[in-house]
Structures are given as C-alpha cells and as structure tokens.
Amino acid sequence: MKLLILGGTQFVGRLLAEMALDRGDEVTLFNRGKSNPGLFPNAENIHGDRDSDLNQLEGRIWDAAVDFSGYFPRIVRKSTEQLAGSIRQYVFISSVAVYTSHGQQITKEDFPLAEMDDPDTEEMTPDTYGPLKVLCEREVIRAFPQNSLIIRPGVMVGPYDTTDRFTYWVERLSHSGVALAPGNPDSPLQFIDGRDLAEWMLRLLDRQVTGTYNAIGFNENLTMGKMLNACTTVTKSDANLLWVPDEFLLEQNVAPWKDLPLWLPENEPHGLGHIDNSSAVKMGLTFRPIESTARDTWNWILNGRDAAAPFKAGISREREAEILEAYRHTHESEHK
C-alpha cells in the first residue's frame, strides 16, 4: 500500500507509520518537521505547512491519505481539494467531542453533532474543538462522498501518549504509600490504546472500509477502580488507594480532568464512559487488556519517555498530600 500521512510523528500517527513501514508499505509523511524530526528515515518525508505548501504533493498518487492534523475546516478543505485526484480513500481522524451533548449515552454515530456559532473561527478552545471537527468531517465527506472514512476516537492512551492523562496514573501509582483515588471506584471509563487504534486502521485501509466509527473501548466495562488497580499491579507497587468523594474534591477546587486525569464528577452531565462502539467492534476493532496497556506504558516511562519532560496532566505530590490531609481531618471530625 502507498500511504500518505498528514502529521504522523507524535502518537497514533507515529504508531500507524511505524506499523505500516514494518509490514512493507510505502509511507510518505507530510508535516512541518518540528515533532521528532528524522524519526522515520525509511519513509519519504516531505516538510511543509498545510496552509501554504500542499503544492509539494501535486502530481503524486497514493492509495490512501490519513489526516491526523486536521483541526480547521479551511485547512482540511485545502487538503481534500489538493488530493482529490491523487488518492482513492481519505481517512480523517476526528473525535467523540463532535457530539452535541455528553450528558446522555451516545448511542450511535448518528447522535446529534455540535454546531458552531461562528463557522469561520480558527480559535481552538475546549468549546470550539468538537464543533470544528464536525466542520472538518463535512469537508472530507463533501470531497470524498463515496470513499471517506471518519474515525472518532475517545481518549487515546499508551506508549508515546503526549497528553499524560493515563501516563500520570501509571507513574503516580508506582510509588508506595497512600494515593488519592477520585470519586467512585465503580465510575465507568472508556479509552483506547493507541496501538489498538493504529492496528485497526490498517485493517480498515486494507479493506477500503468507508463510513464513520466511534473508536473507543471496551468489550467489557472498565471502571476507575479497575484502571487504578491495574496500574498498581503492573508497577508492583504497594500503593494504598484512598477514595475521596466527588463533592469533597470540588470543594477543594480540584479541577476535573485537568488536576486528576480521567476523573469527571458523576453528578455533572458528560456521558463519557457510555459511548456506543458497537459499529467499530463489528468492523473488527479489538482491545488488549488494561493490564497490558498499563504495563507497556510503565515500561515506556522507564525506558522511552523523556525523563526530564514534566507531566502535562495531574497534580503535584504536595497538592495531593494537602487534599488527603484535609479529607482525613474532615472525615475524622465527622466521626467524633
């Protein structure tokens, strides 16, 4: 297969490029050359900006293009127009953030989508990210109505993850002592190992599958408790989880998701953990055990991740200790 990847040097794009090269595909990477330059010397690397340098792709032919770096519809439109006669399939990496409300279970891929008040804005914020992805999807489908593939991942985790959302928990629970565990241990979680996503995408490309799919785990229910226990187990830690209720964490001004990654209070509408993935599973999406993801992430932390790079998610140990001390004090006072 001749594969053009727009982006492809950070996380899932990196994994996809690596897997495609390993199996003998011809891979061309088009990106600015700023993230991990020289990562794939066996691939063709074309450096340029999608807004101004797409002419470098002119006159070329690929079997498929995979777009990992499409965030604004104007830019995606340029790419689809440039590649309209050069590829047989356009794969766009979107997000489950496209749905209009996470306050209820997202039943299928035809669940209502978010809309933009100003469709021309190119200001990326938590509020505009999802609606902008909707507009990008529409540009892809408009240009490739019969041969587009839209992938909507949820949280992506594992080795090479640049967000540190899951990585934070693996590293934190490698240490002994009491560890803050947020909310309810039975709260449902959904995410996907980046390698499961990349492997599945290659299988879809081989079969020239089209359509739109929620790409998120799992085949069985995962909970916050199961995830944290898996992190403790694979790191061979004797960390002791102290579960602190949602209400107390909010009183302590702990920011959901940011301060404690993957945690959202149960009384706040979000719907994450309840996204229907049955269409993707029917198309062959499979999931490795959470213990495998945690173990491989831990090995990456020890042997691959830049040890000097600060974690992008999670609270400091000092802040965690303050919260735990406050909770113990309140808990003890209530039982006197």
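A residue counts as exposed when its relative accessible area is over 50%, and as buried when that area is under 20%. Keep those cut-offs in mind on this tour of a predicted model.

**Stop 1: a residue on the outside**

Select K236. Its relative accessibility is 75%, so K236 counts as exposed. You will find K236 in the loop between α6 and β13. Now check its backbone. K236 is not a glycine, yet its phi is positive, at about 55°. Most residues other than glycine have a negative phi.

**Stop 2: the seven-stranded sheet**

Next, show the strands. Look for an open sheet of seven strands, paired in parallel. Read across it in the order β3-β2-β1-β4-β5-β6-β11. Which strands stand at the edges? They are β3 (44–47) and β11 (211–215). Each has a single partner strand, so one side of each is left without a neighbour in the sheet. Turn the view and follow the twist, which averages 15° from one strand to the next.

Zoom in on β1 (residues 2–6) and β4 (residues 64–67). These two run parallel and are joined by four bridges. Select I5, and you will see V66 of β4 opposite.

**Stop 3: two helices across the sheet**

Select residues 12–22. This is helix α1, which lies across β1, β2 (26–31) and β4. Helix α1 runs at about 165° to β1.

Then select residues 73–83. This is helix α2, lying across β1, β4 and β5 (89–93). Its angle to β5 is about 165°.

**Stop 4: strand β6**

Select residues 148–153. How many of the six residues of β6 are buried? Six of six are, and the strand is mostly covered. In a regular strand the side chains alternate between the two faces of the sheet. Show the side chains here. S148, I150 and R152 point one way from β6. L149, I151 and P153 point the other way.

Now look at the partners of β6. With β5, the pairing is parallel, over four bridges. I93 stands opposite I151 in this pair. With β11, the pairing is also parallel, over five bridges. There, R152 stands opposite N214.

**Stop 5: a cis bond**

The peptide bond from G217 to F218 is cis, with omega near 5°. Most peptide bonds are trans.

**Stop 6: helix α4 and its neighbours**

Select residues 165–172, helix α4. Six of its eight residues are buried, so the helix is mostly covered. The buried ones are F166, T167, Y168, W169, V170 and R172.

Which residues meet here? F166, W169 and V170 of α4 meet M227, L228 and C231 of α6. By class, this contact has six nonpolar residues, no polar ones and no charged ones.

Now bring in helix α9, residues 290–303. It packs against α4 at an angle of about 80°, with the axes 10 Å apart. The pair is therefore roughly perpendicular. From α4, the contact uses F166, T167, V170 and E171. From α9, it uses I290, T293, A294, T297, W298, W300 and I301. Seven residues of this contact are nonpolar, three are polar and one is charged.

**Stop 7: strand β8**

Select residues 178–182. Four of the five residues of strand β8 are buried, so the strand is largely enclosed by the rest of the structure. Five bridges join β8 to β13, and the two run parallel. A179 stands opposite L241 of β13.

**Stop 8: two loop residues**

Select M124, in the loop between β5 and α3 (126–143). Is M124 buried or partly exposed? At 36% relative accessibility, M124 counts as partly exposed. Beyond residues up to four places away in sequence, M124 touches Y71, F72, Y129 and L132. M124 and F72 are 52 residues apart along the chain, while their C-alpha atoms are separated by 8.8 Å.

Finish at W257, in the loop between α7 (246–251) and α8 (278–282). W257 is partly exposed, with a relative accessible area of 25%. Its phi is positive, about 75°, although W257 is not a glycine.

Note on methods
Residues numbered from 1 in each chain as written. Predicted model: local features only at pLDDT ≥ 70, side-chain atom pairs only at ≥ 80, totals over all residues. Heavy atoms only, no water. Axes fitted to C-alpha atoms, helices over the stretch in contact; angles between N-to-C directions. Contact = heavy atoms within 4.5 Å. Nonpolar A, V, L, I, M, F, W, Y, C, P; charged D, E, K, R; others polar. Pairing = 2+ DSSP bridges. Parallel < 35°, antiparallel > 145°, perpendicular 65-115°, else oblique. Buried < 20%, exposed > 50% of the residue type's maximum accessible area, 1.4 Å probe, protein only.
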